[in-house]
Amino acid sequence: MVPILFFQVVSLSLFTYGFLGTFIIKRNLIMIIVCIELILVSVQLNLVLTSFNFDDITGQIFILFILVVAAAEVAIGLAFLIIYYRLRGTIDSKYIYLTKG
């Protein structure tokens, strides 16, 4: 059996990669969305570990809500990116200031 500490280290590394990726990658909006998804996956893994550790199902119920929110976030984010690409011809985030009123 794999110890819980291993999964906690994996969750921490996923969170770290996602958190640093949102600040390091500033030009590609798709990669920023992927990094946010990494953060959400690490939170889900942590909730599964906690619910497994305490023999409670509450963490797994929260994961269902997080999955719904993540799916909605990706769908809305990609829709915005498609509209933005049609208007500007690029998805670089340095040109977002041009969309102001």
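A residue counts as buried when its relative accessible area is under 20%, as exposed when it is over 50%, and as partly exposed in between, with a 1.4 Å probe and protein chains only. By that definition, buried residues make up 23% of the 101 residues in the protein. The model is predicted, so local features need pLDDT of at least 70 and side-chain atom pairs count only at pLDDT 80 or more, while totals for chains, interfaces and linings use all residues. Residues are numbered from 1 along each chain as its sequence is written, and side-chain values use heavy atoms, with hydrogens and water left out.

Figure 1. Helices (H or I, at least four residues) and strands (E, at least two) are DSSP runs, numbered from the N terminus, and along the sequence they give the pattern α-α-α. The radius of gyration, taken over C-alpha atoms, is 17 Å for the protein, well over the 13 Å that the globule rule gives for 101 residues, so the protein is more spread out than a compact globule. The globule rule itself is 2.2 Å times the number of residues to the power 0.38. Along its principal axes, the C-alpha trace of the protein spans about 50 × 25 × 20 Å.

**Figure 2. The packing of helix α2 against helix α3.** Helix α2 (residues 29-53) and helix α3 (residues 58-88) pack with their axes 9 Å apart and at an angle of about 175°, which means that α2 is roughly antiparallel to α3. Here the axes are lines fitted to C-alpha atoms, for helices over the stretch in contact, and angles run from 0 to 180 degrees between N-to-C directions; angles under 35 degrees count as roughly parallel, over 145 as roughly antiparallel, 65 to 115 as roughly perpendicular and the rest as oblique. Contact means heavy atoms within 4.5 Å, and the residues that make it include Ile33, Leu40 and Leu47 of α2 and Phe62, Ile66 and Val74 of α3. By class, the contact of α2 with α3 has 15 nonpolar, five polar and two charged residues, where Ala, Val, Leu, Ile, Met, Phe, Trp, Tyr, Cys and Pro count as nonpolar, Asp, Glu, Lys and Arg as charged, and the others, Gly among them, as polar.

**Figure 3. An aromatic cluster formed by Phe15, Phe19 and Phe23.** Rings of Phe, Tyr and Trp (its six-membered ring) pair if their centres lie within 6.5 Å, and planes under 30 degrees apart count as stacked, over 60 as edge-to-face and the rest as tilted; the count comes to three aromatic pairs. Phe15 and Phe19 form a stacked pair, at 6.2 Å centre to centre and with 5° between the planes. These two residues are separated by about one helical turn because they are four residues apart in helix α1 (residues 4-24). Phe15 is partly exposed at 36% relative accessibility, and Phe19 is also partly exposed, with a relative accessible area of 40%. Phe19 and Phe23, in turn, form an edge-to-face pair, at 5.0 Å centre to centre and with 75° between the planes.

**Figure 4. Ser11 in helix α1.** At 4% relative accessibility, Ser11 counts as buried. Not counting residues up to four places away in sequence, Ser11 touches Ser42, Leu45 and Asn46.

**Figure 5. Val48 in helix α2.** Val48 counts as partly exposed, at 34% relative accessibility. The C-alpha atoms of Val48 and Ile61, which lie 13 residues apart along the chain, are separated by 9.6 Å.
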